[in-house]
Amino acid sequence: MESAAGQVPPTGEPVAQLLARIERQAALISEGRAREAAKDAVIAALQARAEAQDAKIEALEQLVSELIARTGRDSQNSSKPPSSDGPGTRADRRREERERRKTEPAEGPAPGKKKRGGQDGHHGNGLAFSRTPDAKVVLEPGACRGCGGDLAGGVQAAAEALQVVDIPGVRALVTEYLLISRRCGCGTVTRAHAPQGAAGAPVCYGPNLTAAALLCHAFGQLGQERTAEVVNGLFGTHVSAGWINKIAGRLAGSLHGFEGDLKTALLAEPVTLADETPAGTIEDSPGGDGQAGSGRAFNPHVFTLRSADLVWLGAGHTRGHGALDTFGLFERYTGTLVSDDYSGYAKYQAILTARQLCNAHLIRSATGVVEAEPRRQAWATAMIEVLRAGRKAVKDAAAAGLTALNSQEIEQIRAAYREQAQIGITASYGRRTGKGDKHPAWVLAQRFLDKTDMVLHHLTDFTVPWTSNLAEQALRHAKIHLKISGCFRSLETTRAYCRIHSYLITIRLNAVPPMQAIRDALAGHPWTPLRALTTA
C-alpha cells in the first residue's frame, strides 16, 4: 500500500509541491491580512485626526465669529450709538453712501433707506418773502453801465425787490432804574418794585441777556466758561462762568412745576416711547437723596419717556427698578409703551395696554449675527426682510386711508416671521460660545419667537411706531454732552440738566418761543403742557 506522500493528486502535481505552494499562499494571505490591518489602523487614525481637526475648525470658526461680533460692532449692527463708531467705520459708511447715490437716481433708494433730500410730509424751512418787512430802502444806480452818464431823472425801466434777513448790531444796554419811595399819610413808606427779571442789586443782568446766555449754554452744549466767552463776544459784556452756573441753577430750580405737569400729561398719552443711556459722573455717590446707600451699585443713567410733542428726561443712580420706580411714571403708565427689549420695562407690562419692541434694535442685532456667520445665519437676513415687509405693508395701508391690515395680511407676515425664527433656532441649537454661554444667534432667534406679539404689534395698531427712534433722539443732547465733556459732575447736576432739556425740547416741539419761555420760567411761571405761556 502506498503512503500519502507517494500519492499523486488529480492535478498531477506531487503532494509535497502542492503542500509547499499552499504554505506559500497561506503566508501571502497572512501578509495581506497584516497589511490590511495596518491600513485599517491608519484609516482609523486618519478618521480620528479628521474628527479632531473638524472639532478644532469648528472651535476656531466659533472664535472667529465671536471676535468678529466683538470687534465689528458699530451703530449699524448693535445697540451702540453712532458717536462710538470709529473713523474706519464712518469712512466705510460714507464710501457706501457715495456708491449708493451714484445709482440711486436710476434704481431709487435701497430697501430700508430713505431717499435723498426732504422726506414726504416734511414742510421745510426755506426763506420766503415777507409781506410786512420792517424797513424798505430804495437803491438807485449811480451811473450808466454803458456810457457812464448820470442817471438822475432817467426813466425807470424796472424795479426788483430783494429782501435781506439780518439782525442789527447787538450790544448790551445799561438801563438805570430809580426806585422811588413815597411816604403815605399813614406813615408807611412804600418803594417801587424792581422791573421783572431784575435779580440782585445794585447791578444785575437783565432777563433777555440771561435767557440768551442760558439758551447758548443748554442748547449750544457749551460749558460754563465757553458760554461766558460767547456771551461776552456777542453782547460786549463781562459775564463770568460763575454767573452762568448760577443762572443755570435758577432755571433748573424754577422747573419743578413744569416737570410735574409734564408727567401728568405724559401719563394721559395713549402711546409713549422709552429709552435710557449711561451717564458717568465725577462723584461716585448719588448725593443726599437716599436712593443708593452704602454697598449699593452706583451706575447713573439718563432715562426718557416721550410722546410726539412731550419729552421728559430724568436721571437715576442705576439702570434698574431702584431708579425706575422713583420717577412716578413707569409704574403708573397704562398706555402702549415702545422701547427696546431691556428687561427692566417687563415689570410694568401687566398694567400696559400693549408693548411694542423696537424693530430697529432687532434689525441691528440680526445684522450683527449675519455678519459674524454669513452662511450659517442666513435666516437673520430673511428675518430683516420680513420685518421691513411688515412695515411697508402698514405704510401702504395707511397711505390708502386704511386704519389696520386685514387678518389674512397679518397672518401671512406672522407665518413668515415664525418660520425664520424657527430656522434660526435650529441653525444654532445646542451651540455655545467660548465662555460656555448660549450662542447669541440662538438667543436672538428664540427672542424673536417668544416675543412675536410685541415685535409685530404695530401691524394691528397704526398709531404705534415700529421703532423707538424718537426716544433715542430725545437722549441725543445728553450723549453729545457726554461726548464733549466726558461726564456730568454729580447725579444732582445731571438731574438739573435733564429738567432744563426736558423744558427746552418740549417748548421747541410745541412751537413756543424759547427766549420768552426761559424768561417766564425764571420769573416763576414756566410754560407747561397744562398751562398756557404768559403773553410776551
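Q: How many helices and strands does the protein have?
A: The predicted model has 16 helices and seven strands. Buried residues make up 34% of its 536 residues.

Q: What share of the contacts joins residues 24 or more positions apart?
A: Take the contacts with a separation of 6 or more: 62% of them are between residues 24 or more positions apart.

Q: What about the surface: how much of it belongs to carbon and sulfur atoms?
A: The accessible surface comes to about 33,000 Å², and carbon and sulfur atoms hold 55% of that.

Q: What span does α3 reach, and what is expected?
A: Helix α3 covers residues 207–219, which is 13 residues. From first C-alpha to last it reaches 18 Å, close to the 18 Å expected at 1.5 Å a residue. Glutamine 221 follows α3 and has a positive phi, near 55°.

Q: On to strands. Which residues lie on each side of β6?
A: Strand β6 spans residues 336–339. Thr336 and Val338 lie on one side, Leu337 and Ser339 on the other. All four are buried, so both faces are covered; the cut-off for buried is under 20% relative accessible area.

Q: Which strands are joined to β6, and by how many bridges?
A: Strand β3 (residues 271–278) runs parallel to β6, with three bridges between them. There, valine 271 stands opposite threonine 336. Strand β7 (residues 354–357) is also parallel to β6, through four bridges. In that pair, leucine 337 stands opposite arginine 355.

Q: Last, the cores. Which residues touch the most other members of the largest nonpolar core?
A: In soluble globular proteins, nonpolar side chains tend to be buried together. Here the largest nonpolar core has 48 residues, and Leu251, Trp312, Phe330 and Tyr503 touch the most other members. Elements giving two or more residues to this core include α3, α4, α5, β4 (301–306) and α15. A second, separate core has 30 residues, among them Ala380, Ile384, Leu387 and Ile410.

Q: What is phenylalanine 330 in contact with, leaving aside neighbours within four places in sequence?
A: Phenylalanine 330 is in contact with Ala274, Thr304, Leu305, Trp312, Leu324, Tyr345, Tyr348 and Ile351, with those neighbours left aside.

Notes: Residues numbered from 1 in each chain as written. Predicted model: local features only at pLDDT ≥ 70, side-chain atom pairs only at ≥ 80, totals over all residues. Heavy atoms only, no water. Buried < 20%, exposed > 50% of the residue type's maximum accessible area, 1.4 Å probe, protein only. Pairing = 2+ DSSP bridges. Expected span 1.5 Å × (residues − 1). Contact = heavy atoms within 4.5 Å. Areas by Shrake-Rupley, 256 points an atom, 1.4 Å probe, with all protein chains shown as cover. Core = buried A, V, L, I, M, F, W, Y, C linked by side-chain atoms within 4.5 Å.
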